[in-house]
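This briefing concerns the model shown below.

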Amino acid sequence: MARYIIKRILYLIPVLIGVTLLVFFIMHLAPGNAAQIILGENATPDQIAALEKEMGLDQPVIVQYLRYLGGLLHGNLGNSYATGTSVTTEIMARFPYTVRLTFVAAVFSIILALPLGIIAAVRQNTWVDSASMVFSLIGVSMPIFWLALMLILVFSLKLGWFPVYGADSWKSIILPAVSLGFMNMASIARTTRSSMVETIRQDYIRTAYSKGLNEREVIMKHAFPNGMLPTITVIGLEIGQMLGGSVLTETVFAWPGVGRLLIQSINGRDTPTVMGCIILMTISFALVNLIVDLLYGVFDPRVRTMYR
Amino acid sequence: MRKNSLLLKTVSIAAAMIMALGTCTFAASASEDGGKDSLKVALTEEPDYLSSCDHDSLMGVQMNLLTYNGLTRVDMETLAPVCDLAESYTMDSDTEWTFTLKDGVTFHNGDALTADDVVASLEYAKTFEASLTYTGGIASVEAVDPLTVKITTDGPQPNLLYDLAYHFNMILPKSLIDSGNDFSANPIGTGPYKFVEWNKGTDVLFEAYEDYFDTDRKASIKNLDFVIIPEGSTRDMALESGQVDFVYSVDSADIDRLQNTEGIALEQVVSVENFFLYLNCVSTEFADTNLRLAVANAINREDIVLGALNGYGTPSYSTVSMGYPESTDENGYTYDLDKAKEYLEAWGGDPSTVTLDIICSNATKVSIATIIQAELAQLGINVTINEMDSASYQAAMRTTDLCSAIVSWSPANAMTYVKRFHSDRRTNTPACWASDTLDEMVTEMSVNMDDESRAAQITDIIKEANTECVFVPIYQVNYFRGHSADLQNVLCGATGYVDFCTMSWS
């Protein structure tokens, strides 16, 4: 198992090199650069050229990239072009907020989605199934931006239960988490349902019923662990995505997460900050997927033997 | 049954974790100051810097106005430069100025303001590339005595008093400049507010400076908290719910609702920020003045204000915004299709061969361009719209390849505005209109040190710019600031800044 984990972590190195290379060159190809943006419209070409030189932007792109990679090997993500402060500081000021939001949104979506998906599968083709899936469909189709504003309108402005914006109390996280988790809840519920429907039709489930076990035991003890594998994959992907920042939710609720920072940085052609955010997202995504793969082993003994 | 209790346990643990997470993480900021000695302001975006020399952004300057002072400042009501840290000044010759400093001024770190601080600050500002437009004319600065400074310019600089009010030239303590202080992390100045804390991505806190030198402008609200709320609807709902007291920019879709909401007041200011249609006068058919005049007279600006701005804007008929003492709309434009067709005829070309490709950097500009597209179709001119992000847009503005763009300008004074009609502007926007007549007029005005005759020259330049149609004006922005009705003496300037010193709670 330990060998497997180390191997997976080592796989991350070429992935990171590939991702940084791709992002660095894409940023370089995009029109405009940080010096132009910092100096504004009044700056003369000479002033821009002088600042480009100061920032090292006059160097060939490959030199800039290698210099960046050199810094990265020493754990230095560089300084933000826009604010002059260390990218690590900028990101670490925001990443805890993203983790918090992801955690609460994931808990919210899992708690709702699993029962919803299981009930829909067990009561397949009944009104319960239809209602659950219509509810999920609404969740998937509803624009997150609209849902977020509606939640604020009802629960903050009309009822006064939660703050409109911010991240300064436990109440502040509820609406952003619901808004973010709702869409994920819908896709997890739909995956759970289809996976459980398939599992329930298996011979061993019929055997379990014929042994005289009641429905709850059959579903929870036999069907659920086997039906969970695709659901775990989806949950992993959703969490990985949320850890990369949820720009719309963060924007509407003024949540100070990484997603907003990334978009600001792209607009400001702030390459070091963009690179920092992307590296963080890549590592988060890879780690979440590693955890997902390990969880397969927990639910499926066949996978456990593969690790050995 | 066992499974059920397991599920219940899991849910309970998860709920407890969420509660614990919330309580632990946010406990430090749980006690809120709900008293009337604080003001919570919703900003549209976070300032990049709190230092005065590293940026040229609206939010950054707004923060600078709290913590720093210049020798002069621009009065928000009159837009004229007035003394700030300077007690008085004399113009000894066209290039020599002597400033006497106010006595007893202290920085937030306790240092007393002296002429050495002024010398160090103005020299420090010149080391920043971004500041050169506003510091480049200063040849030397010299401390005559502890409270007297002599500034020598590299030629007649009638703009000096404005330049000294600009944030790049704000005065910092020499001791901190010498020690390499990071003024963004530790913004020490002489301003009415002292910096307290900057929580990145969340808020910036200030508190009133008790020893502020200007008793007339001493802050009456003790604590200022600037929170960052990028989404307009959220900002407005935060104001309605009482979670913030002041909204820096009200979303135009919410103006009607907020105007009718009890306990909320809206301030509307017709700004000097002018939106216009920039045309490539170098490599397209728009180098012909008659064609530009045809476009200028074929656009119904009221349609644009209604259609793209929900009615909240002011149609603009002159190349320089109305609102400066020197402004005029003489030789300006009207919506007159017949006149537009006459200009088109005078141009003599075939309008169906003309394509006006307009680049836009946001959704509002796209709406404006769409209305222009419909209106120019009446002249037979084909308009295409090209939306791009602001960095690409800025890069495109610096080329001769671009055909047209919707652009805005909001200089603090008309002199700075009309200087942009000189051909040297082509170093920044190489495809803009330039003419010998305008060059001559701007050059002459730029060295005229007599205020009265210079104002007349500026007015003449505006008339000439309208005649030559240097670009097509569209509208002046109306700024909407929303606040609690209990907040009094709210002063919002036409250049976009808000004076937080004058505000008080009723």
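At the start of H10(B), a side-chain oxygen of Asn300(B) comes to within 3.1 Å of the backbone nitrogen of Glu302(B). Helices (H or I, at least four residues) and strands (E, at least two) are DSSP runs, numbered from the N terminus. The model is predicted: local features need pLDDT of at least 70 and side-chain atom pairs count only at pLDDT 80 or more, while totals for chains, interfaces and linings use all residues. Residues are numbered from 1 along each chain as its sequence is written, chains are lettered from A and ligands numbered from 1 in the order in which they are written, and side-chain values use heavy atoms, with hydrogens and water left out.

**Helix H10 of chain B**

- Within H10 (residues 301-309) of chain B, the buried residues include Arg301(B), Ile304(B), Val305(B), Ala308(B) and Leu309(B); buried means under 20% relative accessible area, exposed over 50%, and partly exposed in between (1.4 Å probe, protein chains only).
- Because they cover an arc of only 105° around the axis, they lie on the same side of H10(B); the arc is that of the directions from the helix axis to the C-beta atoms.
- An α-helix has 3.6 residues a turn, so residues three or four places apart point the same way.
- Leu306(B) and Gly307(B), on the other side of H10(B), are exposed.
- The cover over the buried residues of H10(B) includes helix H9 (289-298), strand E13 (313-315), helix H12 (363-376) and strand E17 (472-484) of chain B, where contact means heavy atoms within 4.5 Å.

**Salt bridge between chains**

- Over all chains, the structure holds 17 salt bridges, each a side-chain nitrogen of Lys or Arg within 4 Å of a carboxyl oxygen of Asp or Glu.
- One of them pairs Arg94(A) with Glu46(B), with the closest N and O atoms 3.2 Å apart.
- This pair crosses between chains, from helix H5 (residues 87-122) of chain A to the loop between strand E1 (38-43) and helix H2 (58-67) of chain B.
- Arg94(A) is buried at 4% relative accessibility, and Glu46(B) is buried at 11%.

**Salt bridges within chain B**

- Glu96(B) and Lys150(B) form a salt bridge (3.4 Å, N to O).
- Glu96(B) lies in strand E5 (residues 96-101) and Lys150(B) in strand E7 (residues 148-153), so the pair ties together parts that are 54 residues apart in sequence.
- Lys174(B) and Asp178(B) form a salt bridge at 2.8 Å, N to O.

Technical notes
A polar contact is a pair of N or O atoms within 3.5 Å; within protein, one must be able to donate a hydrogen and the other to accept it, and residues adjacent in sequence count only if both atoms are side-chain atoms.
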